[in-house]
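Welcome! Take a moment to look over the model below, and then we will walk through a few of its features together.

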Amino acid sequence: MFKKLVAATALTALLSSSALADTTLKLVEVITSPERTETLKSIVARFEAANPEAKVEIISLPWGEAFEKFATMVSAGETPDVVEMPDTWLALYAKNGSLENLEPYLKRWDETDDLNNRALEFGRAVNNTAYMLPYGFYLRAMFYNKKLFEEAGVAGPPKTLDEFWEASKKVSALPGKYGYCLRGGPGGLNGWVMFGATAAGSNEFFRADGTSTFADEGWVKGIAFLVDLYKNGYAPKDSVNWGFNEIVAGFYSGTCAMLDQDPDALIAIAERMKPEDYGVAPFPKGPSGKAFPTIGYAGWSMFSDSDNKDLAWKLIATLEGKEGNIAWNKRTGALPARKSAETDPFYADPKFKGWFEELADKDVHPTVMPTHLEEFAYFKDSLVIKTSQEALLGERTPEDLAQEWADYMTKAQQKFLAAQ
């Protein structure tokens with residue numbers, strides 16, 4: 001009798017263990033750092049406390065290898081229940097049927113109304129269907145040095161490209177000072193696109209037949225604007241080679257008075273500058289009355305073959321809920337997807353005002369790069385850097401530069417269209 005009781009107890013334990021394994025959710029994060037992972041673990045712990053029948057296995061992939069590693073996981077059938085989805089991956093996985101339609105869940109969720117319009121707009125980027133719920137945005141706005149502006153006689157942050165030019169000119173007249181922290185080296189494409197699109201009054205990269213707009217008159221004017229800014233000495237001479245660290249250091253050191261960057265630049269700037277010495281304003285508008293700052297985003301998606309969709313949604317809802325979303329974005333440096341974030345003491349700080357104003361302004365059109373093209377990575381990280389540096393140094397004209405970009409992107413887009 002005793003042996004039977006022991007055997008029955010062991011079988012019950014085994015079955016309980018199996019039941020628990022059936023409610024283990026896999027969560028893959030792909031934009032990783034030790035700090036982000038610890039924050040993710042703390043939010044997941046709240047989910048597990050509220051849902052004791054579920055456990056979450058967090059799989060962290062290093063960003064530099066994440067695309068290939070995740071693709072390998074998916075092709076091997078090792079799909080997660082929930083994945084951190086970058087904007088550049090969304091079309092790939094949504095169009096091949098891998099992602100669950102989140103619309104039915106959003107209809108039932110009592111916090112959907114607190115998601116800002118941009119979150120829903122970008123989450124529905126494929127077939128106007130929410131295959132991803134963005135957690136935050138990496139949106140460019142304009143940092144400005146109040147002390148240098150005052151010293152140079154600049155009244156306030158520039159609202160137009162013309163005012164931006166004049167402010168740059170006045171600050172650059174000060175000994176050893178410059179108007180703009182130009183990013184002429186790695187990662188510089190954002191600046192060229194923002195000034196080009198804003199001068200053109202449109203952020204359309206292609207026409208219906210796949211031809212690029214880069215060589216159009218408006219885009220050329222925006223490219224020439226930056227080239228002339230540099231040639232006139234309104235940006236530091238060595239900024240032709242500057243990347244992220246150099247432009248941020250150029251700003252907080254007081255070398256240049258303006259910097260376009262995402263909120264993540266605040267981490268270094270706030271450590272080294274007094275709050276009263278700088279501000280953040282919306283990106284200046286062009287002749288059309290519109291501005292086109294670049295934006296990147298990431299969020300949470302559910303895989304369609306998950307066996308635990310209701311729990312997977314509860315996990316997403318915890319990550320995307322007010323407490324989880326704001327805690328996450330404070331750590332990642334992104335702007336939260338919640339309307340209510342603006343009243344959070346952390347984001348109520350005036351230095352965030354410029355980004356929230358951009359998100360709310362109907363004449364500000366956040367611009368997503370054409371990352372659907374497999375040739376885009378080479379364009380961004382190689383071709384643009386080399387050719388734009390040649391233009392800055394006077395080795396080629398803005399028109400010639402724009403035409404080369406247009407030719408390259410037209411070929412890539414038409415190849416993409418032909419494969420559809």
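## A helix and what follows it

Just after helix α4, Gly97 takes a positive phi of about 85 degrees. Helices (H or I, at least four residues) and strands (E, at least two) are DSSP runs here, numbered from the N terminus. Before going further, please note that this is a predicted model, in which local features need pLDDT of at least 70, side-chain atom pairs count only at pLDDT 80 or more, and totals for chains, interfaces and linings use all residues. Residues are numbered from 1 along each chain as its sequence is written, and side-chain values use heavy atoms, with hydrogens and water left out.

Which residues of helix α4 are buried? In α4 (residues 87-95) they are Asp87, Trp89, Leu90, Tyr93 and Ala94, where buried means under 20% relative accessible area (1.4 Å probe, protein chains only). Seen down the axis of α4, these buried residues fall within an arc of 130 degrees, so they line one face of the helix; the arc is that of the directions from the helix axis to the C-beta atoms. An α-helix has 3.6 residues a turn, so residues three or four places apart point the same way. The cover over the buried residues of α4 includes α3 (63-75), β3 (82-86), α6 (117-123) and β9 (295-302).

## One disulfide

The structure holds one disulfide, meaning a pair of cysteine sulfur atoms within 2.5 Å. It joins Cys181 to Cys256, with 2.0 Å from S to S. The link of Cys181 and Cys256 is right-handed, with 85 degrees about the S-S bond. Cys181 lies in the loop between β6 (178-180) and α9 (189-200) and Cys256 in strand β7 (residues 256-261), so the pair ties together parts that are 75 residues apart in sequence. Both Cys181 and Cys256 are buried.

## Aromatic rings

Rings of Phe, Tyr and Trp (its six-membered ring) pair if their centres lie within 6.5 Å; planes under 30 degrees apart count as stacked, over 60 as edge-to-face and the rest as tilted. By this rule there are 39 aromatic pairs. The rings of Tyr135 and Trp300 have centres 5.4 Å apart and planes at 45 degrees, so this pair is tilted. Tyr135 in strand β4 (residues 133-139) and Trp300 in strand β9 are 165 residues apart, and both are buried.

What about Tyr180 and Phe195? Their ring centres are 5.8 Å apart and their planes at 70 degrees, so the pair is edge-to-face. Tyr180 is in strand β6 and Phe195 in helix α9, so the pair ties together parts 15 residues apart in sequence.

Definitions and conventions
Buried < 20%, exposed > 50% of the residue type's maximum accessible area, 1.4 Å probe, protein only. Contact = heavy atoms within 4.5 Å.
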